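Keep the viewer open beside the text and follow along.

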Amino acid sequence: MNSLATSHRGTGPEPHPVAGSRPSTGGTLRRTLLRTALTGAAALGAGLGAARPATAAPAGSGPAEPRPGTPGEALRELTAGNRRWQAFRERHPHEDPAIRRTLATAQHPFAVVLGCIDSRVPPELVFDQGLGDLMTVRTAGEVLDEAVLGSVAYGVLELGIPLVVVLGHQSCGAVRAAVTAEQTGEHLPAHMQYLVDQIRPAIDHGQEGDARIDATVSANVRLVRSRLAAEPDLAARIGTGKLAIVGARYELTTQAVRRLA
């Protein structure tokens, strides 16, 4: 994942401490109810709707621990965590009793990871992060729907998370199913057809066989990333440098995450 923290077009500049007003107040009541439902009354009282301070740390857990507060800082933290994972030097951070008690009343995650449901790619392990560090959303092939879009938007707009990572992976079964279904004309049962329909626009017809599947894994990540970045509320934060949305893929054979341009 050496390239994960490098800059690329579409993520916006590093954020600056600009005091901006919140969107129109028409949805204030709805946002209040949403915060209460998802984080609890105690967390609401702590002001989770505001951006997380860069030095937030659990009370009683010792010296304040710097927390990533910008897209660049968040990318660097994920990069360092993946390097530990590759080297079998995981720290398994933020699991001690004091942090568990603090997380009962508030959360301050620094990244949203939209990944696949594949059991071999759990984001908290791949990036060596702990409780309260990542907000993860997982669907087969990183497919988007209204629930996924709402979940990502909640993390960014209500919790002030500065980074969204769309994480695909080598040998993705959902991508393979989409490629196979297109080639054979097979209609998948139940709701699985929805998955392949969403992945189909990303299929790379310039490749054949397993190479097509592998190329489509990357193309699908880029497609999902571009769709997220086009969401008006998210695009506005990208434009001010408060948010970056990046694409990446996890290689099962090396355990490395690499950034996709």
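The buried residues of helix α6 are covered by elements that include α7 (192-199) and α8 (209-229). Contact here means heavy atoms within 4.5 Å, and helices (H or I, at least four residues) and strands (E, at least two) are DSSP runs numbered from the N terminus. Before going further, please note that this is a predicted model, in which local features need pLDDT of at least 70 and side-chain atom pairs count only at pLDDT 80 or more, while totals for chains, interfaces and linings use all residues. Residues are numbered from 1 along each chain as its sequence is written, and side-chain values use heavy atoms, with hydrogens and water left out.

## The helices

Which residues of α6 are buried? They are A174, V175, A178, V179 and A181. These residues cover an arc of only 160° around the axis, so they sit on the same side of α6. Buried means under 20% relative accessible area, exposed means over 50%, and partly exposed lies in between (1.4 Å probe, protein chains only). The arc is that of the directions from the helix axis to the C-beta atoms. As background, an α-helix has 3.6 residues a turn, so residues three or four places apart point the same way.

After α6 comes G185, whose phi is positive, near 80°.

Now turn to α7, where Q193, V196 and I199 are buried. They cover an arc of only 130° around the axis, which puts them on the same side of α7. The buried residues of α7 pack against α6 and α8.

Helix α8 holds R212. This arginine, R212, counts as buried because its relative accessibility is 7%. Leaving aside neighbours within four places in sequence, R212 is in contact with V179, Q183, I203, D204, H205 and Q207. A polar atom of the R212 side chain lies 2.7 Å from the backbone oxygen of Q207.

Elsewhere, L75 lies in helix α2 (residues 71-86). With 6% relative accessibility, L75 counts as buried. L75 and F110 are 35 residues apart in sequence, and their C-alpha atoms are 9.6 Å apart in space.

## The strands

Next come the strands and their partners. Two strands pair if DSSP finds at least two bridges between them.

| Strands | Sense | Bridges |
|---|---|---|
| β1 (residues 111-115) and β2 (residues 134-138) | parallel | five bridges |
| β1 and β3 (residues 163-169) | parallel | four bridges |
| β3 and β4 (residues 244-250) | parallel | seven bridges |
| β4 and β5 (residues 257-260) | antiparallel | four bridges |

V113 stands opposite T136 in β2, and the bridge partner of G115 in β3 is L167. Further along, V165 has V246 in β4 as its bridge partner, and G247 stands opposite L260 in β5.

In a regular strand the side chains alternate between the two faces of the sheet. How many residues of β1 are buried? Five of its five are, with A111, V113 and G115 on one side and V112 and L114 on the other. In β4, seven of the seven residues are buried. Both faces of β4 are covered, with A244, V246, A248 and Y250 on one side and I245, G247 and R249 on the other.

The hairpin of β4 and β5 has six residues between the strands, and among them Q255 takes a positive phi near 65°.

## The cysteines

How many disulfides does a search of the whole structure find? It finds zero, a disulfide being a pair of cysteine sulfur atoms within 2.5 Å. C116 is in no disulfide, and its nearest cysteine sulfur, that of C172, is 4.1 Å away. Likewise, C172 is in no disulfide, with the sulfur of C116 nearest at 4.1 Å. C116 counts as buried at 6% relative accessibility, and C172 is buried with a relative accessible area of 2%.

Conventions. A polar contact is a pair of N or O atoms within 3.5 Å; within protein, one must be able to donate a hydrogen and the other to accept it, and residues adjacent in sequence count only if both atoms are side-chain atoms.
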